[in-house]
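Welcome! Keep the 3D view open while you read.

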Amino acid sequence: MRLLIMGPPGAGKGTQAKGIAERYGIPAISTGDIFRANVKNKTPLGLEVDRIMKSGGYVGDDITNQIVADRLAEGDAANGFLLDGYPRTLAQVEALDSVLEGLGQSLDAVICLEADTDEVVARLAKRAEIEGRADDTEEAIRVRQETYVKETAPLLDVYAKRGQLVRVNGLGSVDEVGQRIASALDERG
Ligand code: ADP
């Protein structure tokens with residue numbers, strides 16, 4: 001299985017990605033997690049992206065594309081993967097297309113976790129209290145939602161036109177949503 005999971009910040013992509021990856025025995029690759037690990041370890045990449053992440057903006061396409069291309073070339077991704085949080089811009093869609101073409105691979109489905117803005121903002125505010133993530137401040141949450149609507153939401157049309165988009169209602173318990181994703185993927189065969 002070669003999958004993408006998309007949806008607004010706070011829709012629960014990371015949580016569901018873990019479950020789906022386990023179910024299919026594929027690695028869940030989260031660009032946000034990769035960046036956060038670099039920030040934590042104060043690597044040159046981490047120092048470069050720290051401020052932009054805190055603001056809620058997107059890291060540059062060139063850096064992001066390179067990281068994903070390198071990651072997909074690793075052995076554990078050869079037989080499948082789930083990308084979480086990538087692509088987020090049209091330039092990233094194009095970069096992913098060419099990486100996959102180069103590997104002779106193609107996507108099986110693009111899951112879109114749907115949740116309205118009020119719900120996701122409330123979830124992120126709650127997570128801020130629990131986890132204290134640097135980009136879960138009120139201002140950064142607002143910027144992330146706006147950036148998503150402007151830069152990333154239009155990509156859903158691209159994948160819908162390719163017949164790859166699977167829309168799933170992201171409201172409900174983690175298990176309920178996980179079940180919905182599993183049935184939606186099963187239905188596609
Ligand atoms: P969320 O979906 O809640 O915004 P992520 O962990 O997916 O959280 O991403 C956190 C941050 O990491 C983003 O706001 C952005 O700054 C950066 N980031 C992650 N993926 C990408 C990407 N594909 N392109 C650019 N920036 C990214």
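A pocket, as the word is used here, is an open set of grid points with protein on both sides within 12 Å along at least five of seven lines. With that in mind, note that the model you are looking at is predicted.

**Around the ligand**

- The ligand is surrounded by 19 residues, and the closest are T31, R36, G57, G85 and R144.
- Sorted by class, this shell has seven charged, six polar and six nonpolar residues.
- Helix α2, which runs over residues 31-40, gives the largest share of the shell, with four residues.
- T31, one of the closest residues, has its place in this helix α2.

**Contacts to look for**

- G57 uses a backbone N or O atom, which lies 2.6 Å from an oxygen atom of the ligand.
- V59 also brings in a backbone N or O atom, here 3.0 Å from a nitrogen atom of the ligand.
- Q92 takes part through its side chain, where an N or O atom is 2.9 Å from a nitrogen atom of the ligand.
- How much of the ligand does the protein bury? Taken alone, the ligand exposes 550 Å², and the protein buries 96% of that.

- An unreviewed UniProt entry places the feature "binding site" at T31, R36, G57, Y58, V59, G85, Y86, P87, R88, Q92, R133 and R144.
- These positions are spread over 114 residues of sequence, and they are also spread in space, with up to 24.9 Å between C-alpha atoms.
- From this set, G85, Y86, P87 and R88 belong to the lining of the largest cavity.
- The "binding site" annotation in the unreviewed UniProt entry also covers G10, A11, G12, K13, G14, T15, R127 and G172.
- From that group, K13 is part of the lining of the largest cavity.
- G12 is found in the loop between β1 (2-6) and α1 (13-24).

**Backbone details**

- Most peptide bonds are trans, and most residues other than glycine have a negative phi.
- Is the peptide bond from Y86 to P87 cis or trans? This bond is cis, with omega near -5 degrees.
- P87 has its place in the loop between β3 (81-84) and α5 (90-103).
- K42 is not a glycine, although its phi is positive, at about 55 degrees.
- Look for K42 in the loop between α2 and α3 (44-55).

Definitions and conventions: Residues numbered from 1 in each chain as written. Predicted model: local features only at pLDDT ≥ 70, side-chain atom pairs only at ≥ 80, totals over all residues. Heavy atoms only, no water. Near = heavy atom within 4 Å. Polar contact = N/O pair within 3.5 Å; in protein donor to acceptor, adjacent residues only side chain to side chain. Areas by Shrake-Rupley, 256 points an atom, 1.4 Å probe, with all protein chains shown as cover. Helix = DSSP H or I, 4+ residues; strand = E, 2+ residues; numbered from the N terminus. Nonpolar A, V, L, I, M, F, W, Y, C, P; charged D, E, K, R; others polar. UniProt positions renumbered as here; feature names shortened; annotations may be inferred. 1 Å grid on protein atoms, 1.4 Å probe; cavity = no way out; pocket = protein on both sides within 12 Å on 5 of 7 lines; lining within 4 Å.
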